[in-house]
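This report goes through selected local features of one protein chain. It takes surface, aromatic pairs, helix packing and single residues in turn.

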Amino acid sequence: GEADWQAVAATAEVLSVPLLVNGDIQNLDTARQALAQSGADGVMVGRAAEGQPWVLKQIAAGLLGEAVPASPNTQEKAELVSGFFDDMISHHGFYAGLRNSRKHLAWFAHGLPKANEFRRLATTATSAEEVHDLIQHFFVDLAPEAILPEAA
């Protein structure tokens, strides 16, 4: 189903504490719609941030009346994904970090050419070097700038 932001409005009217609305908030436009329809004080973003964590900064900047930062280009995205992968390995250790990073790598690949192939290779990779090579190949070599979704 779809989030019913208007159903939150009755609650927002009687509360004296801050109220957050969530559900189906995917970008700045839907965040604004959710706030307008619900009367809430803020928004929570869930699945829309999977694979595109920069959407949180874009939404926050737009709601604060600041310039909305652009989505990362392919090279910036590759660096972000590589850094994320390295952080997972550093935090969890190699084997657990590799295993725990798989779903996140798949989320980052969503919408890219050959994303299914990337997911298959990333889930069977056995070394950090292999994962970094995959990231470079799929996020830079195969991903023209035009296919990256704009969140704002």
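## Surface patch

A patch here is made of residues with over 30% relative accessible area and no salt bridge, and nonpolar side chains are joined within 5 Å. The model is a predicted one. In it, Val14, Leu15 and Val17 make a nonpolar surface patch of about 280 Å². Val17 belongs to the loop that runs between helix H1 (9–14) and strand E1 (20–21).

## Aromatic pairs

A pair of aromatic rings is described by the distance of the centres and the angle of the planes. The structure has four aromatic pairs. One of them joins Phe94 and Tyr95, with 5.0 Å from centre to centre and 80° between the planes, an edge-to-face arrangement. Phe94 is partly exposed at a relative accessible area of 26%, whereas Tyr95 is exposed at 65%.

In the pair of Phe118 and Phe138, the ring centres are 5.3 Å apart and the planes stand at 65°, so this pair is edge-to-face; the angle is over the 60 degrees required for that class. The pair links distant parts of the chain, as Phe118 sits in helix H6 (residues 115–124) and Phe138 in helix H7 (residues 128–141), 20 residues apart. Phe118 counts as buried, with 1% relative accessibility. Phe138 is buried too, with a relative accessible area of 3%. Ring pairs also bring in Phe139, which forms a cluster with Phe118 and Phe138.

## Helix H3

Which residues of helix H3 (residues 54–63) are buried? They are Trp54, Val55, Gln58, Ile59, Ala61 and Gly62. These residues lie on the same side of H3, because the arc they cover around the axis is only 165°. An α-helix has 3.6 residues a turn, so residues three or four places apart point the same way.

The buried residues of H3 have several packing partners: helix H2 (28–38), strand E2 (42–43), helix H4 (74–92) and helix H5 (94–109). Just after H3 comes Gly65, with a positive phi of about 80°.

## Asp24

A positive phi also occurs in a residue other than glycine: Asp24 has a value near 65°. Asp24 is part of the loop between E1 and H2. With a relative accessible area of 31%, Asp24 is partly exposed, because this value falls between the 20% limit for buried and the 50% limit for exposed residues.

Is Ser82, a residue with a relative accessible area of 15%, buried or exposed? Ser82 is buried, because its relative accessible area is under the 20% limit. Ser82 is located in helix H4. When neighbours within four places in sequence are left aside, the contacts of Ser82 are with His132 and Ile135.

Leu142 lies in the segment that follows H7. Leu142 is partly exposed, its relative accessible area being 26%. Apart from neighbours within four places in sequence, Leu142 is in contact with Pro113, Lys114 and His137. Among these residues, Pro113 is 29 residues away from Leu142 along the chain, yet their C-alpha atoms are separated by 6.6 Å.

Note on methods: Residues are numbered from 1 along each chain as its sequence is written. This is a predicted model: local features need pLDDT of at least 70, side-chain atom pairs count only at pLDDT 80 or more; totals for chains, interfaces and linings use all residues. Side-chain values use heavy atoms; hydrogens and water are left out. Patches are made of residues with over 30% relative accessible area and no salt bridge: like charges are joined within 9 Å, nonpolar side chains (Val, Leu, Ile, Met, Phe, Trp, Tyr) within 5 Å. Accessible areas come from the Shrake-Rupley method with a 1.4 Å probe; for residues, only the protein chains shown count as cover. A salt bridge is a side-chain nitrogen of Lys or Arg within 4 Å of a carboxyl oxygen of Asp or Glu. Helices (H or I, at least four residues) and strands (E, at least two) are DSSP runs, numbered from the N terminus. Rings of Phe, Tyr and Trp (its six-membered ring) pair if their centres lie within 6.5 Å; planes under 30 degrees apart count as stacked, over 60 as edge-to-face and the rest as tilted. Buried means under 20% relative accessible area, exposed over 50%, partly exposed in between (1.4 Å probe, protein chains only). The arc is that of the directions from the helix axis to the C-beta atoms. Contact means heavy atoms within 4.5 Å.
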